[in-house]
Amino acid sequence: MTFKDSGIEWLGEIPKHWEVVKIKHIAEIITGKTPALDSEWGNSILFVTPTDCDLDKKYISSSLRKLSQNGIQNFNSLVIPKNSILVTCIASIGKVAINLKEVVTNQQINAVIPDIELALTDFIFYQLLTTMPFAERYFCGYNTLPILNKSEFSNIKIPLPPIEEQKAIADFLDSKCKQIESFVDKKQRLITLLNEKKQALINECISKGLNKNVNFKDSGIEHLGAIPTHWEILKLKYVALTNIGLVYTPDDIVENSDKGYPLLRANNIQNGKIDYQDLIYIKSEQIEKKQIASIGDLLMCVRNGSENLLGKTAKIQDGYFSFGAFTAIIKSQFNDYFYWIFQTNMLRKSIASFSVSNGIGQISQEDIKNFIIPFPPLQEQKQITQFLDSEISKIDSIIGKIKKQIELIKEYKSVLINQAVCGRINL
């Protein structure tokens, strides 16, 4: 096969007999809008937004809301026929999906309706998957809110082979991508199972200990159940100190890290670890001594719009930080053990009871102090901690390797699509 220069900077060479066309010459393009009135919502036609488009899925599988008949009338000619291509073009640019039913979209999406005599939907779907990231950089640069308007989108150039080749390429990619999707789904299910195993192990060790050949007693706590007879039940306030974080205003934030104190927030708590990215810095004079965390302190999220994130906890392993008002720190000589208590379902159930009682998504300092915890002898705490540190680390390592496999197969998928839609794979 002989090649020619496509004339498109990010594309390079394409087969000599292929054309280069603008999207507007092979398809109709419709830009959506957002319904303005509550009365426009109902149970008629699907309303699609960028959140319904998944980069790992070819088709729109669901939608959050539906329009009423009245709402559809207000959209006039903006109803998108099934088997069109939906492309996000504002903020999150480059998500591409095919709709299997009639839909309407918001203004962040351009719908591409190919002329079936010139272009196949499945081929153009794959072509846009590989073209959009380059188009975003070319048209939008690195703006805070990238926007690819309808005119710019319509003039994007793409390579286009004859219809028979389009079908062969699309069929090839459908088959390969289906295999990749099946591989990823299996790996994701394995990660889910490993996380469930990890959680069950933590729950078991924290409530029952490592030695199962001991006598047990009723803890008197419904969500804890039986515990070893020689364990105590304590309120956290008797073995730890707590402090709620710093309330600050935008005026207290400084851009120069040399002139401020690093501040940890709830979003710095990720999967039981401190993520030190995305730190902000606060004027040092605003911070009291009690609002400075030390190595070994536990940082807990105590206020969040999502109750599922309340109580997420991590151990501070590095440096000295202040902490924001949506968090609290726990200081104790037993923190190595307490860290694992705060990773249990028992904690989640305690927090749920607090949230019900106060009606809002927060945990007060009094709530933290009154957490009821199982408290084994110190030597047993150390044994449990060492065991969980070792075993959970092994599981996390396996999960990390699986995530890397998923990342690599997705990279392979991207390269495969790119090579195929540019005519560089002999089918």
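Reader: Is Asp-278 buried or exposed?
Author: Let's begin with the scale: buried means under 20% relative accessible area, exposed means over 50%, and partly exposed lies in between, using a 1.4 Å probe and protein chains only. Asp-278 has 52% relative accessibility, so this residue counts as exposed.

Reader: Before we go on, from which number are residues numbered along each chain?
Author: This is a predicted model, where local features need pLDDT of at least 70 and side-chain atom pairs count only at pLDDT 80 or more, while totals for chains, interfaces and linings use all residues. Side-chain values use heavy atoms, with hydrogens and water left out, and each chain, as its sequence is written, is numbered from 1.

Reader: Back to Asp-278, then: what is its phi?
Author: Helices (H or I, at least four residues) and strands (E, at least two) are DSSP runs numbered from the N terminus. Asp-278 sits in the loop between E19 and strand E20 (280–283). Most residues other than glycine have a negative phi. Asp-278 is not a glycine, yet its phi is positive, near 60 degrees.

Reader: Which loop holds Asn-271?
Author: Asn-271 also has a positive phi, about 55 degrees, although it is not a glycine. With 76% relative accessibility, Asn-271 counts as exposed. Its place is the loop between strand E18 (269–270) and strand E19 (273–274).

Reader: What is the volume of the largest pocket?
Author: On a 1 Å grid over the protein atoms alone, a pocket is an open set of points with protein on both sides within 12 Å along at least five of seven lines, a cavity is a set where a 1.4 Å probe fits but cannot get out, and lining residues have an atom within 4 Å of a point. Points are joined across faces, edges and corners, and the volume is the space filled by probe spheres set on them. For the largest pocket this comes to about 1,200 Å³.

Reader: Which element gives the most to the lining of that largest pocket?
Author: The lining of the largest pocket has 34 residues, and Lys-198, Gln-270, Asn-271, Gly-272 and Gln-343 lie nearest the centre. Elements giving two or more residues to this lining include helix H4 (163–208), strand E23 (313–315) and helix H5 (335–341). With eight residues, the element that gives the most is H8.

Reader: How many charged residues line the largest pocket?
Author: Ala, Val, Leu, Ile, Met, Phe, Trp, Tyr, Cys and Pro count as nonpolar, Asp, Glu, Lys and Arg as charged, and the others, Gly among them, as polar. Under that scheme the lining has twelve nonpolar and 14 polar residues, and the number of charged ones is eight.

Reader: Which element supplies the largest share of the lining of the second largest pocket?
Author: This pocket has a volume of about 320 Å³. Among its lining residues are Leu-55, Pro-133, Lys-410 and Asn-418. Helix H2 (121–140) and H8 each supply at least two residues, and the largest share, five residues, comes from H8.

Reader: Why is the pair of Phe-125 and Tyr-126 called by its particular name?
Author: Rings of Phe, Tyr and Trp (its six-membered ring) pair if their centres lie within 6.5 Å, with planes under 30 degrees apart counted as stacked, over 60 as edge-to-face and the rest as tilted. A search of the whole structure finds eight aromatic pairs. Phe-125 and Tyr-126 have ring centres 5.0 Å apart and planes at 70 degrees, so this pair is edge-to-face.

Reader: Which residue lies over the face of Tyr-339?
Author: A charge sits over a ring if NZ of Lys or CZ of Arg is within 6 Å of the ring centre and within 35 degrees of the ring normal. At 5.6 Å from the ring centre of Tyr-339, the residue over its face is Lys-315.
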